[in-house]
Amino acid sequence: MTQVVRQTTRDLRRHNRAALLSSLYLRGPVSRLELVAESGLSAATVTNVVSELIADGVVAEAGSVESDGGRPRTLLAVRPGFGHVVGVDVSETHVEVGLFDCALGTLGTVRHPLVGTRLDPDEVAALVRTGIAEVLEGGEPDAVFGVGVGVPGAVRDGGIVHAPTLGWRGVAFAGLIHPAVAELFPGPMPVHLDNRARTLGQAESWRGAGRGADRAIVALLGVGVGAAVATAGPSHPGITTSEWGHTVVKAGGAACRCGSHGCLEAYVGTEAVVRHYAERVGKQPVIGDESDVELARIVAEAQDAGPAADVLAETGEYLGIGIANLINLLSPDRVVLSGAAGAIMGPAILPAVRDAVRRHALDYLTGHTEVVLGRLGPEAVALGAATLPVARLLASGGRTG
């Protein structure tokens with residue numbers, strides 16, 4: 001019986017650490033008083049747990065704020081320097097690797113096109129290793145406590161990846177990544193895999209334009225198109241994903257890589273937009289990793305009337321229809337346009353998107369939904385992958401072992 005009580009006490013302490021650390025990370029800087037009010041824990045418990053977290057180097061004081069009539073309240077926040085994480089974005093055209101501090105501040109990024117790899121899983125895994133080695137160069141590998149990898153597909157059964165856009169069906173990618181990564185670090189290194197749309201949704205909810213929303217839909221706009229739904233929770237937002245890019249917006253429309261026709265991705269994905277522009281001007285489309293550069297050029301050209309402006313107007317219309325469908329189905333309070341293509345063309349097409357949403361979604365739903373741009377920049381998806389080891393750190397109450 002004594003052993004059972006001791007185990008229960010240890011579990012309760014771990015739970016309290018995880019809950020308070022998650023609150024500090026997602027809402028911070030906050031005061032001890034705010035932690036008491038939010039957690040429902042006693043002031044003594046909060047004080048004891050916070051003292052432990054400070055002693056462990058996970059949390060630090062971060063200034064103070066005036067209180068009503070009393071002495072200033074000390075603010076607390078997770079220490080960015082507690083450790084580093086690596087985020088890896090495996091897209092259809094490139095591998096991007098980022099090194100981030102514990103607060104997800106960017107320390108460095110590298111990007112390698114997938115040209116020449118034939119999307120072979122072994123070659124992609126080798127490219128991931130190369131990218132990680134490069135961002136760690138001159139740094140401190142022993143400061144890294146986890147690696148997160150986002151892939152354009154479903155991850156099942158401990159790292160089996162189903163990514164039709166890469167031609168991967170049942171690829172044991174985790175088994176390829178682990179040995180490739182292990183030799184770069186002095187000790188065991190946890191590697192976490194997940195769908196890149198889901199990790200992007202987590203990043204925008206934690207640090208970007210989805211923060212504070214009760215239900216945010218984060219649209220991943222790139223060569224591939226996906227969406228994550230982030231629902232506010234007591235500690236972590238709940239994140240689910242959908243194959244939104246493969247919902248049909250035009251019967252019998254443009255061919256999609258999935259084998260269907262008229263999919264949203266075939267109208268708003270990076271290569272789709274570039275291809276539609278090339279068809280209008282009678283030239284070969286720019287595909288692969290250079291498609292982002294071509295999309296940026298099209299956006300610049302669209303400032304004047306002509307084919308580029310027409311293509312972006314059409315893109316905004318179809319994207320607005322796709323978002324209106326999400327609004328009618330899920331009634332979010334915020335929709336975030338994120339991902340590489342979102343960063344490149346989002347500001348140019350946002351008015352057209354909002355107009356299409358207004359015309360195609362139900363009035364009583366659109367009145368409660370805002371459509372906004374992502375805030376995380378071009379490395380947003382790699383940053384999203386980096387949230388995976390951070391989430392594990394929060395769930396463990398700040399334990400990296």
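This is a predicted model: local features need pLDDT of at least 70, side-chain atom pairs count only at pLDDT 80 or more; totals for chains, interfaces and linings use all residues.
Asp89, His94, Arg196, Gly222 and Ala340 lie nearest the centre of the largest cavity, which is lined by 19 residues. The volume of the largest cavity is about 140 Å³, and the structure holds 1 cavity of 30 Å³ or more.

Three elements each supply at least two residues of this lining: strand 5 (94–101), strand 12 (215–221) and helix 11 (339–360). His94, one of the residues nearest the centre of the cavity, falls within the range 94–101 of strand 5. Likewise, Ala340 is among the residues nearest the centre, and its number falls within the range 339–360 of helix 11. Sorted by class, the lining of the largest cavity consists of 6 nonpolar, 7 polar and 6 charged residues.

What is the volume of the largest pocket? The value is about 370 Å³. Two or more residues of its lining come from each of helix 6 (196–207), strand 13 (225–231) and strand 14 (238–242).

In total, 21 residues line the largest pocket. Those nearest its centre are Pro152, Gly153, Thr165, Glu243 and His246. The lining of this pocket divides into 7 nonpolar, 8 polar and 6 charged residues.

## The whole chain

The chain has 13 helices and 16 strands. Its radius of gyration is 22 Å, close to the 21 Å given by the globule rule for 401 residues, so the chain is as compact as a globular protein of that length. The C-alpha trace spans about 75 × 50 × 40 Å along the principal axes of the chain.

Another open sheet is made of 3 strands in the order 8-9-10, with antiparallel pairing. Strand 8 (154–156) and strand 10 (168–172) are the edge strands, each pairing on one side only. Neighbouring strands here are turned by 20° against each other on average, with direction ignored.

Strand 9 (residues 160–163) pairs with strand 10 in the antiparallel sense over 3 bridges. Val161 has Val171, in strand 10, as its bridge partner. Helix 5 (residues 173–182) lies across strand 9 and strand 10. What angle does helix 5 make with strand 10? Helix 5 runs at about 40° to that strand.

Conventions. Residues are numbered from 1 along each chain as its sequence is written. Side-chain values use heavy atoms; hydrogens and water are left out. On a 1 Å grid over the protein atoms alone, a cavity is a set of points where a 1.4 Å probe fits but cannot get out, and a pocket is an open set with protein on both sides within 12 Å along at least five of seven lines; lining residues have an atom within 4 Å of a point. Grid points are joined across faces, edges and corners, and a volume is the space filled by probe spheres set on the points. Helices (H or I, at least four residues) and strands (E, at least two) are DSSP runs, numbered from the N terminus. Ala, Val, Leu, Ile, Met, Phe, Trp, Tyr, Cys and Pro count as nonpolar, Asp, Glu, Lys and Arg as charged, and the others, Gly among them, as polar. Two strands pair if DSSP finds at least two bridges between them. Axes are lines fitted to C-alpha atoms, for helices over the stretch in contact, and angles run from 0 to 180 degrees between N-to-C directions. Contact means heavy atoms within 4.5 Å. The radius of gyration is taken over C-alpha atoms; the globule rule is 2.2 Å times the number of residues to the power 0.38.
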